[in-house]
Amino acid sequence: MPTKEQKNTTLQKLKGKFGRAQIAIVTDYRGLTVKEMTDLRRRLQKIGAELTVAKNTIIQLATREMPEWQV
């Protein structure tokens, strides 16, 4: 289980990503194999996008201060 410090670091990184993002897509990744996730990440990197997996609670905290990003 992540420590409070690790969770805070993740939160700050997500805030930065959301602050720079033009669009964010939230989806459920369950059902994808590791190979499929790796392939998806590589394809996204080629077009300048990225895939980040985070808990819903952390995402909600990261968007709380950004009204335009409310989940």
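**The core and its surroundings**

Mentor: In this predicted model, the largest nonpolar core consists of seven residues, namely Leu11, Leu14, Phe18, Ile58, Ile59, Ala62 and Met66. Two helices each supply at least two residues of this core, helix H1, which spans 4-20, and helix H3, which spans 56-63.

The buried residues of H3 are Ile58, Ile59, Ala62 and Thr63, and because they cover an arc of only 125 degrees around the axis, they lie on the same side of the helix. On the other side of H3, Asn56 and Thr57 are exposed. The buried residues of H3 pack against H1, and Ile58, Ile59 and Ala62 are also among the members of the core.

Lys15 lies in helix H1 and, leaving aside residues up to four places away in sequence, touches Leu61, Ala62, Glu65 and Met66. Of these contacts, Ala62 and Met66 are named in the core as well.

Leu40 is placed in helix H2, which covers residues 34-46, and with a relative accessible area of 31% Leu40 is partly exposed. Ala49, which is found in the loop between H2 and H3, is likewise partly exposed, with a relative accessible area of 31%. Ala49 and Ile23 are 26 residues apart in sequence, while their C-alpha atoms are 10.0 Å apart in space.

For the chain as a whole, there are three helices and zero strands, which read along the sequence as α-α-α. The C-alpha atoms fill a box of roughly 35 × 30 × 20 Å along the principal axes. Of the 71 residues, 17% count as buried, and the accessible surface comes to about 6400 Å², with 52% of that surface belonging to carbon and sulfur atoms. Finally, if you consider contacts between residues at least 6 apart in sequence, 64% of them join residues at least 24 apart.

Terms used
Residues numbered from 1 in each chain as written. Predicted model: local features only at pLDDT ≥ 70, side-chain atom pairs only at ≥ 80, totals over all residues. Heavy atoms only, no water. Core = buried A, V, L, I, M, F, W, Y, C linked by side-chain atoms within 4.5 Å. Buried < 20%, exposed > 50% of the residue type's maximum accessible area, 1.4 Å probe, protein only. Helix = DSSP H or I, 4+ residues; strand = E, 2+ residues; numbered from the N terminus. Contact = heavy atoms within 4.5 Å. Arc of directions from axis to C-beta. Areas by Shrake-Rupley, 256 points an atom, 1.4 Å probe, with all protein chains shown as cover.
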